[in-house]
Amino acid sequence: MPQLKELIDMTAPEKKNAKPCPFCGANSKDLHFEKFEVMMFGCSILYRVNCDLCSGSGGYADTRIAAISKWNQRKTIRKEKR
Ligand SMILES: [Zn+2]
């Protein structure tokens, strides 16, 4: 299981690229990144987008840009694949 390490604010361009929250409709200004550390094949870092208002989150990705694109593809609430 990925372990949450820190919360990171999005930069202005990142907020511009991110779509509003698919769960609660929050504007992208209410989004931030969660940074995870995962102990698997050595140690790697994963990011995902998280909503301040409803705690909804996007899929894990290895870069912030990829995390935003996963977030933008999210349409409905569903379980994470493992
Ligand atoms: Zn939300």
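Colleague: What should I know before I start?

Modeller: The model is predicted, so local features need pLDDT of at least 70 and side-chain atom pairs count only at pLDDT 80 or more, while totals for chains, interfaces and linings use all residues. Residues are numbered from 1 along each chain as its sequence is written.

Colleague: Which residues of H2 are buried?

Modeller: Buried means 20 or more other C-beta atoms within 10 Å of a residue's own; exposed means 12 or fewer, and partly exposed is in between, with C-beta atoms placed from the backbone. Helices (H or I, at least four residues) and strands (E, at least two) are DSSP runs, numbered from the N terminus. In H2, the buried ones are Ala 67, Ile 68 and Trp 71. They sit on the same side of H2, because they cover an arc of only 100° around the axis, the arc being that of directions from the helix axis to the C-beta atoms. Ile 65 and Gln 73, on the other side, are exposed.

Colleague: What do the buried residues of H2 pack against?

Modeller: Helix H1 (12-17), E2 and E3. Ala 67, for one, is in contact (C-beta atoms, placed from the backbone, within 7 Å) with residues including Phe 33, Tyr 47 and Val 49.

Colleague: And Asp 62: buried or exposed?

Modeller: Exposed, because Asp 62 has 12 C-beta neighbours inside 10 Å. You'll find Asp 62 in the loop between strand E3 (43-51) and helix H2 (64-73). Leaving out residues up to four places away in sequence, Asp 62 touches Ser 44 and Leu 46.

Notes: Contact = placed C-beta atoms within 7 Å.
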